[in-house]
Amino acid sequence: MSGGLGTALRALPRPVAVAVGGGGVLGAAHVGVGHALEERGFVPDLVVGTSVGALTGAIAAGHPGRAAQWLDTVWTRLRRREVFPLGYMSSRASVFTDRGLRRLIGRAGLPERIEELAIPFTAVAMDLGSGAEVLLDHGDLESALLASAAIPGILPPVDRDGRTLVDGGVIAYVPVRAALRAGAASVVVLAVGPETSPLWPIVPRRRAGAIAARATVLAFRHQIERDLREVSERVPVVVVPTGVEEWPAPWDFRHSGRLITTAARTAGRFLDDMRVSGPGLYRDAGAGVVEVGR
């Protein structure tokens, strides 16, 4: 099905929020899910984004119903040096400058202030001093997006309203709690990466990098599952699958086309078959749509 709003999407309690999670270059899969949603005529009432999801979400909020194709073109042409440019640093706060992200934001045709977006939007960041989750839903849009995407040590932190802010993915990799706080009565989740995929009980090779990578996945996985189940006890939470089984390295931009195509196809099938009835966690368990956490 395409061109019409599916029964389950129409039945979601309003206001419906789209929560767009983190994932760096893996966020290309967000674009595929966006294609599937736009083809079905879905426009959310709220958009909440973390990290790369904040940038994607702001573009969707600024250009409702027509953001996916622009994002598709950008992602399939994007290269690492454009996002993480090497060069002399103005400080020792990060490995890379944020000038690449600033250029990308500038090309997106967005307004200067968050409240000027067509759809209410919130970017999620973390206060580096207190560790608190910070919801940026008004004021300067560029600094909000840079703060939400400021990977600690990789991109520079952002000083805003007397606070030093970094990547919201540290505290809210999938910002469903922020969506609930923003007033959502149901949430459609766009989540990517191995942290959101089925978890296999494997022990990594006894090498420092492999052990650290596995521990990081587990930490984010526990955070994501906790937040999804907490919010789904109060409202319907729909996690749209991407169908991606092999995720590239976080710095490898060459796979964007594959991620977009796979996610668009898988998300479309899921949305056409989805059925929602009240609060709960709705997602694809590999054999169709299942409901848990009621």
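Guide: Let's start with burial: buried means under 20% relative accessible area, exposed over 50%, and partly exposed in between (1.4 Å probe, protein chains only). Before we use it, note that this is a predicted model, where local features need pLDDT of at least 70, side-chain atom pairs count only at pLDDT 80 or more, and totals for chains, interfaces and linings use all residues. Residues are numbered from 1 along each chain as its sequence is written, and side-chain values use heavy atoms, with hydrogens and water left out.

Visitor: Why is serine 51 called buried?

Guide: Serine 51 has 8% relative accessibility, which is under 20%, so it counts as buried. Its phi is near 60 degrees, a positive value in a residue other than glycine. Serine 51 sits in the loop between strand 2 (46-50) and helix 3; helices (H or I, at least four residues) and strands (E, at least two) are DSSP runs, numbered from the N terminus.

Visitor: And aspartate 161, buried or exposed?

Guide: Exposed, because its 63% is over 50%. Aspartate 161 also has a positive phi, about 55 degrees, although it is not a glycine. Its place is the loop between strand 5 (158-160) and strand 6.

Visitor: How many aromatic pairs are there?

Guide: The count comes to two. Rings of Phe, Tyr and Trp (its six-membered ring) pair if their centres lie within 6.5 Å; planes under 30 degrees apart count as stacked, over 60 as edge-to-face and the rest as tilted.

Visitor: What makes the pair of tryptophan 75 and phenylalanine 253 stacked?

Guide: Their ring centres are 6.4 Å apart, within the 6.5 Å limit, and their planes are at 25 degrees, under 30, so the pair is stacked. Tryptophan 75 is in helix 4 (residues 68-77), while phenylalanine 253 is in the loop between strand 8 (236-240) and helix 10 (256-273), 178 residues apart. Tryptophan 75 is buried at 7%, and phenylalanine 253 is buried at 6%.

Visitor: What does glutamine 223 touch?

Guide: Leaving out residues up to four places away in sequence, glutamine 223 touches Gly169, Val170, Ile171, Ala172, Tyr173 and Val174, where contact means heavy atoms within 4.5 Å. Glutamine 223 lies in helix 9 and counts as buried at 10%. Its side chain reaches the backbone oxygen of valine 170 at 3.2 Å.

Visitor: Which residues bring helix 3 and helix 7 together?

Guide: Ala54, Leu55 and Ala58 in helix 3 meet Leu141, Leu145 and Ser148 in helix 7.

Visitor: Last one: where is the cis peptide bond?

Guide: The cis bond joins arginine 14 and proline 15, with omega about 0 degrees. Proline 15 is in the loop between helix 1 (7-11) and strand 1 (16-20).

Key. Polar contact = N/O pair within 3.5 Å; in protein donor to acceptor, adjacent residues only side chain to side chain.
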